[in-house]
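Please open the structure in your viewer and keep the selection tool at hand. The tour below moves from one selection to the next and says what is found at each stop.

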Amino acid sequence: MDLEFGSEYDEFTKDVQDFCKEYSNAIISNANDKKFEMHDALSGNSNEKTGKVVNRSEWQRLLIEKGYFARSIPKEYGGYGGEPDIIKSRIIATEFSKNKVPNAMGGQGIDMLVPTLLEWGTEEQKQKYIKSTLHGETIWCQGYSEPNAGSDLANLQTKGELIDGNWVINGQKIWTSTAQFSQMMFCLIRTEPDASKHAGISFILIPMDTPGIEIRPLVDMTLKAGFNEVFFDDVTVPEENLVAKRGEGWSVANSVLGHERGSLANPNATMNRLNTLINLMKEETIDGRRLIDVPSYRDRLLQVQGKVMAVQAHSLRLLSSKINPNQNVKLGGMIQKLVGTELRHELEGLAIDIMGELGTLYEDDPNVRDGGSWQFTYMYFLGLIIGGGTNQIQKNIISERGLGMPREPKVTVEV
Amino acid sequence: MYFGLSEEQEFFQDNVKKFLADNASIDEIRKIASGEGQDLQSEIFQGIINLGINSLLVPEKYGGLGVGLLHAVAISQALGNGVGPIPFSGSYVMAPLAINLGGSEKQKEELLPKIVSNETRFGIGLSEFVGAREDAGLEIKNNKASGRALFVMDAENSDKIILATKAGVLFFIDSKDKNLTASGLTTVDKTRTFQELILDKVDCEILEESAKDIEIVKKVIDAGRIILAADTLGASESMIEKAVAYSKERKQFNRTIGSFQAVKHMCAEMAADLEPCYSLVWQAAHSFDVDSPIESRLLACQAKSHLSEIGKSVSKKATEVHGGMGFTDLLGLHYWFKRIGLNRQILGAPEIVREEAAEIQGFNQ
């Protein structure tokens, strides 16, 4: 066991700390921009707002210039161009979180499309899309799920035909967050109807202003974040918008899905929320008594703290396994989405419980605590328990791939 | 940066696991549990001593291996995994730590080498300091100790026993003292022993440093809690392995039951609950070893209480996956269930330990 990163990182750590001191509790001028609501909820960005005011796109540029974002993405594609160094990434994440420095922009384009293009894209596609995505100029949405392709995603039926050098696309996508703000969509389309289920899918990039696209909002229970349904009626895009080869879409999508699952429940964000909850319990009272002095509330807090500490320690072990390739963490990575989303939902729910009636307040009620973030995040994480591969699907993955248990036999329906 | 057990620690752990697999099968455990396997138990004990578990926490200066608590955690996981029917937490973790932290130089020189040579085996009882039941408690007057101690660990067949006064002063007595009445407690867990002691003016020797600093007894308890958490970790790991293996063999409705989602999801939940526990227990032990007192006490409390909760849930679900067979003595799964159940209660049940964790963080101010 050795939890030191080594003296070669001292100088780097100091640079990051100095930067973080300057921008501690910084406010992003357009933080209430709906586009980024989901990202802010996930990353636990501060709502204390006592520091410097920074503009969202200038902030992004500064973080790239410093190498605190897009660190290992080549300069020619708009990144910082540094060597991949997982310890430096960890130092950045930890110091930012500790000092409540706002994170860089995230979202589907940055988190999923950029790594996909780096791995599978043509030189032309990389030049065209990565830089503008990193700088927040091109916002992307993800077109994967369909009404009949949820947990069984490979059952998707949106059809693409190659006619005179163009893809002509017809069908429907659902659960498309940020579709209304996006310039582009990356999409899974069935282009090979005669191939097997998984081999018939291609990965295609679609400009959202193409004629034939209709976006209908699908309001979710938070009444804030908002999904969409997206309909395609003879939507025509050039042949070169295909990423990788025809029929490789399933492999392309899978190569970055694992990344999304891990990022849904960042342990640093969970620790920040726990600390906010502890402060809340020290400040709020019932019958003149601090909530933290109510034994049953305090015990529940301590139970959640035990889980948060376990998950934090676990993230150190996962980091270690990336630095030391011989270290076997077996199930370690597979459980993150299941454990992380359930824990966050429980933590946010505890805050609501201990506030009693006050816990029901929402939106802009004058008595609402912490900007209504407890109710919002409580509901939002129920969405994440279901989304990104439901937690029941996660349990299938853990039991089949992690524990080697047999797959459920296929049911043949006789009509 | 490396977070995990070292190769050496894993090697030692595997040796203990392998030794138990070869020498303490479920039939042998059952025999020992029924009270008829004393010779067998001595053989197993001697075999494990030959692996060197008694020397782990004795500093090199006194002839021991001088390794840290993390090393002992690795061994404790192996013992929990195989429900090892031998003394460990008390005799070879808490006792050497109590002497090393609480003894004078002279006491260390006298006592620690004898743990290494296996001439002296210590039991230890600190329950009254964690929370006294039935008004139990000990006092020292004129160098004689009197009172009652419950749940004294590893005291059966021991040579000496370390105890604590209500004020947290550590002292030891001779297990054969004529003024000492010792009786075995019948707990659900038959793989380890606990005694009730009644002392009536028993000769005792105070561990001198412990009289000056209350921190010492607390630190010994921290270590004990981490080791019990590690035992639960190992026992839970074993129960999951058994449940998964059974589910791949047992057939109903012409299918292995492991292909039913109801069963798979129970196994996945157990695995997902337990996986972060390795990291928590190891970090607690590491923190103890590098001596960061506040952080390490909080981690010790949280490791103990969190593993108590996860162990309880895993031991229930793993038994259920086995169906009716899980409830029988034929498979002997209950030895793991009971071991986990006992670890939960000893040195503070979860609510008590969490309350301590709250105090450490100043939540009560």
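Two residues are said to be in contact if their C-beta atoms, placed from the backbone, lie within 7 Å. This is a predicted model, in which local features need pLDDT of at least 70 and side-chain atom pairs count only at pLDDT 80 or more, while totals for chains, interfaces and linings use all residues. Residues are numbered from 1 along each chain as its sequence is written, and chains are lettered from A in the order in which they are written.

Begin by selecting both chains: 42 residues of chain A are in contact with 37 residues of chain B. On the chain A side, select helix 9 (295–323), helix 10 (336–354) and helix 12 (391–402), the elements that each give two or more residues to the side touching chain B; helices (H or I, at least four residues) and strands (E, at least two) are DSSP runs, numbered from the N terminus. Helix 9 of chain A gives the most, with 16 residues.

Now show chain A by itself, where there are 12 helices and 12 strands. Its C-alpha trace spans about 75 × 60 × 50 Å along the principal axes.

Buried residues make up 39% of the 415 residues in chain A.

Within strand 6 of chain A, select Met185(A), the bridge partner of Cys141(A).

Key:
A residue is buried if 20 or more other C-beta atoms lie within 10 Å of its own, exposed if 12 or fewer, and partly exposed in between; C-beta atoms are placed from the backbone. Two strands pair if DSSP finds at least two bridges between them.
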